[in-house]
Amino acid sequence: MREVVGRIYAPDAQGRYRPYRRLWVREGRVAGLEPGPGEGEAVLPGFHDAHVHVWKVGQLLTDLLDLREVRSLDELASLLQERDRRLPPGTWLLGRGWNEAGLGGIPNRDFLDRILPGRPVLLTRTCAHIHALNSRALALAGIGPDTPDPPGGEIRYGEGLLLERAYGLVERVLPRRTVADYRRYVLAGARHLLAQGITSALEAGADPLLLEAYRSLDREGLLPLRVSVLAILRPDGEETTYPLPEPYRSERLLIAGVKLFADGGLSGASAAVSRPYRGVGGKGVLRLRAEEVYALALPAHRQGFFVATHAIGDVAIREVLLAYARLYREDPRPLRHRLEHFGLPGPRELAQARALGVWAVPQPIFLQELRENFLRYLPEGFLPRCYNLGRMERAGLSLAFSSDAPVVREVSPLRGALAAARHPLFGRGLPLERALLYYTRPEASGFPAMRLWPGHPADLVVFSHDPFAHPEEARVVRVEVDGVAVFTA
């Protein structure tokens, strides 16, 4: 048996952190706790990121050009030209992370043609719902001025932009990723998450190759954290669906959920809303209506998979809630489906989500990193409901917080909890302690609860300073999964 001494915080049954001075670990599980105020390093239960793209985080850390820190089109041009010099002739130049709010403009087709006319270029916006291409890339994808919009997508040929499911038109001609690529990306992303104190996460969308990469890593004992993986049902640009995966459960890997997309992103003004966006107009893109969500979700529901549907705008949220209500009404099962993001619910949607018992999975860090976009584009009167976490809590929703990285740069749950406490767009923020608790909800992703209670897995994060008393100074110095150190600063 091993003893851990420090300022140990474990949540009680009422959701309040209680102080302990000692914790004992036996065979990877918590064997006991001694109450009382402790001294030294602060120890908390390992965090759960309930919606993150682990492999995409890793891809940005390895192969992809990261544009999230770029602050001008001139700087972007220099980065693209530098990357161009390092790439073999004819290969695609791929990047992700641009945001027109910080960039000072959109890297449209004319801009990209001036910088790199001969090489195919594809730059994905930070939200991953809008993609900028040059003329060479559009031509290789077979996209011209008369190409019709695919269902649930939009082509803006003059600007060189593909929105939502129109991305599938170019994805089919991109270099194909392999299982080996995915394994490399997952491991790089996992290491980054562990350094933030995240010991379990939900991979928010996986095609069959990525599913196989996860299964192979788990079979070989290489997954350093716990991951619940959502299987994508319908790929962009296709009307066919992937077959449901075989259910999979081990100590480190869970495949028990599926992913759908009902609309676009709020920061890029493509989420489906009932009033026109300010500045850019339009009401976003509704990718799936209630009857389509129901039809796609029903086979998964009947097979015991929970359904996680991306729904940000008020229109999309209503459609998904209608579909979920029909699923529960016509085929009652003890499944808790999920609403990913849940950005603009109104009072009726809050009440319905509470009545259905579904999980709501918002991203507090959006309130800080994407704030300027929300203030710029949100339709009149929508600011009070935008990621209003306090209102969600008061409505009695089942909440699980997340980052949605690499949509944002910051993955740390502590930074996300601080954003929830300090940066609400409307009203008061959540208390830091409450916000941090919502980053310890692995049950929202199909895992058992992990609270540092006796008998629970010894997944813990150790901070240099007390995160409740000194959050700005607190740094992750050690992370353990099953009582074994997997990260040390």
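**Close-up views of a predicted model**

**View 1. An open sheet of six strands.** The strands of this open sheet follow the order β6-β7-β8-β9-β11-β10, and their pairing is mixed. Strands β6 (65-66) and β10 (153-156) stand at the edges with a single partner strand each, so one side of each has no neighbour in the sheet. Helices (H or I, at least four residues) and strands (E, at least two) are DSSP runs numbered from the N terminus, and two strands pair if DSSP finds at least two bridges between them. The model is predicted: local features need pLDDT of at least 70 and side-chain atom pairs count only at pLDDT 80 or more, while totals for chains, interfaces and linings use all residues. Residues are numbered from 1 along each chain as its sequence is written, and side-chain values use heavy atoms, with hydrogens and water left out.

**View 2. Strands β9 and β11 within the sheet.** Strand β9 (residues 130-133) and strand β11 (residues 161-164) run antiparallel and are joined by three bridges. His-131 stands opposite Leu-162 in β11.

**View 3. The aromatic pair of Tyr-9 and Phe-468.** Rings of Phe, Tyr and Trp (its six-membered ring) pair if their centres lie within 6.5 Å; planes under 30 degrees apart count as stacked, over 60 as edge-to-face and the rest as tilted. By this rule there are nine aromatic pairs. One of them joins Tyr-9 and Phe-468, whose ring centres are 5.0 Å apart with planes at 85°, so the pair is edge-to-face. Tyr-9 belongs to strand β1 (residues 2-11) and Phe-468 to the loop between β20 (460-463) and β21 (476-481), 459 residues apart. Tyr-9 is buried, at a relative accessible area of 15%, whereas Phe-468 is partly exposed, at 24%; buried means under 20% relative accessible area, exposed over 50%, and partly exposed in between (1.4 Å probe, protein chains only). Together with Tyr-17, these two residues form one aromatic cluster.

**View 4. The aromatic pair of Trp-55 and Tyr-182.** This pair is edge-to-face, with 5.1 Å from centre to centre and 90° between the planes. Trp-55 lies in helix α1 (residues 54-62) and Tyr-182 in helix α7 (residues 179-194), so the pair ties together parts 127 residues apart in sequence. Trp-55 is buried, with a relative accessible area of 7%, and Tyr-182 also counts as buried, at 2%.

**View 5. Arginine charges over tyrosine rings.** A charge sits over a ring if NZ of Lys or CZ of Arg is within 6 Å of the ring centre and within 35 degrees of the ring normal. The charged end of Arg-109 is placed over the ring of Tyr-157, 4.5 Å from its centre. Arg-326 has its charged end over the ring of Tyr-294, 3.7 Å from the centre of that ring.
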